[in-house]
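Let's take a friendly walk through this protein chain. Have the sequence and the 3D view ready, and look up each residue as we reach it.

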Amino acid sequence: MKISEQTDVEVLQAWRSGSSQAFGIFYDRYGELVYRLSLRILGNLQEAEDLTQEIFILLSRDTNYDSKRGSIAAFLSVLTRSRAIDRIRKTRSQQQHLQKWEQSISSDHDTSNSSLMENASLSERSEKVKAALADLPDKHRQVLEMAYFDGLSQTEIAKALDTPLGTVKSWARNGLIRLRESLKDSLE
């Protein structure tokens, strides 16, 4: 029997055994389902592509899929929905953390009543942020500087850099993640 005529479970097992042909068949069957659901929930092409890739990577490893509990399409739909919601929550959490940090920096920046120690602390933090920004890849740093220092939206940045919006969003997100990791000790 040709692999393309096999059941989903058989194709999945062949894929996990290392058959690239099985992967292609499996992806042809379910790639669009995962991508469209990701796009509908996340509302972003780049994020949907990333999540689709993540889902298939997860599936290539050992997952808890049990064919007795339902179809692979239902399993993939639930897994995709769950991961998409996790991404949305993570993004919101990162944005809230960044807002708190910005508020902390801006309140610390009010030097009219600050002491010499507070000014020294602010100066030290400022140097840490500059150093962390300098360590970012050029594109990530440029997007963050345009957003936070120039006040441009991601759409405006995409136009200015002649770069797809999804790419700009990806650079900003990755830059913020790296910046957060670099400043982890300073934020606590």
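## Thr80 in helix α4

Start with Thr80, which has its place in helix α4, the helix made of residues 72-109. Keep in mind that this is a predicted model. Is Thr80 buried or exposed? Its relative accessible area is 0%, so Thr80 is buried. The cut-off for that word is a relative accessible area under 20%.

Which residues does Thr80 touch, once its neighbours within four places in sequence are left aside? The contacts are Val34, Leu37, Ser38, Leu51 and Ile55.

## Ile72, also in α4

Helix α4 holds Ile72 too. With a relative accessible area of 3%, this residue counts as buried. Ignoring residues up to four places away in sequence, Ile72 touches Asp8, Leu12, Phe26, Tyr30 and Tyr65.

Now try a distance in your viewer. From Ile72 to Gln103 there are 31 residues in sequence, and their C-alpha atoms lie 46 Å apart in space.

## Ala48 in helix α3

Next, find Ala48 in helix α3, which spans residues 45-60. Ala48 is buried, since its relative accessible area is 0%. What does Ala48 touch, not counting residues up to four places away in sequence? The partners are Tyr35, Ser38, Leu39 and Leu42.

Ala48 and Leu37 are 11 residues apart along the chain, and 8.2 Å separates their C-alpha atoms.

## A stretch with a database label

An unreviewed UniProt entry carries the annotation "domain: RNA polymerase sigma-70 region" for residues 26-92 and 132-181.

## How α6 meets α7

Helix α6 covers residues 138-148, and helix α7 covers residues 154-161. Their axes come within 10 Å of each other and cross at roughly 130°. That angle makes α6 oblique to α7. The crossing of the two helices is right-handed.

On the α6 side, the contact is made by Gln142, Val143, Met146 and Ala147, while α7 supplies Ile157, Ala160 and Leu161. Sorted by class, this contact has 6 nonpolar residues, 1 polar residue and no charged residues.

## How α6 meets α8

Helix α6 also pairs with α8: their axes come within 8 Å and cross at roughly 95°. Are α6 and α8 roughly parallel or roughly perpendicular? The angle makes α6 roughly perpendicular to α8.

From α6, the residues taking part are Lys139, His140, Val143, Leu144 and Tyr148. From α8, they are Val168, Trp171, Ala172, Asn174, Gly175, Leu176, Arg178 and Leu179. By class, the contact of α6 with α8 has 8 nonpolar, 3 polar and 2 charged residues.

## Asp162, a loop residue to look at

Where is Asp162 found? Look in the loop between α7 and α8, the latter being residues 165-182. Asp162 is exposed, because its relative accessible area of 71% is over the 50% cut-off.

The backbone of Asp162 deserves a look as well. Most residues other than glycine have a negative phi. Asp162 is not a glycine, and yet its phi is positive, at about 50°.

Technical notes:
Residues numbered from 1 in each chain as written. Predicted model: local features only at pLDDT ≥ 70, side-chain atom pairs only at ≥ 80, totals over all residues. Heavy atoms only, no water. Axes fitted to C-alpha atoms, helices over the stretch in contact; angles between N-to-C directions. Helix = DSSP H or I, 4+ residues; strand = E, 2+ residues; numbered from the N terminus. Parallel < 35°, antiparallel > 145°, perpendicular 65-115°, else oblique. Left-handed = near helix turned anticlockwise from the far one by under 90°. Contact = heavy atoms within 4.5 Å. Nonpolar A, V, L, I, M, F, W, Y, C, P; charged D, E, K, R; others polar. Buried < 20%, exposed > 50% of the residue type's maximum accessible area, 1.4 Å probe, protein only. UniProt positions renumbered as here; feature names shortened; annotations may be inferred.
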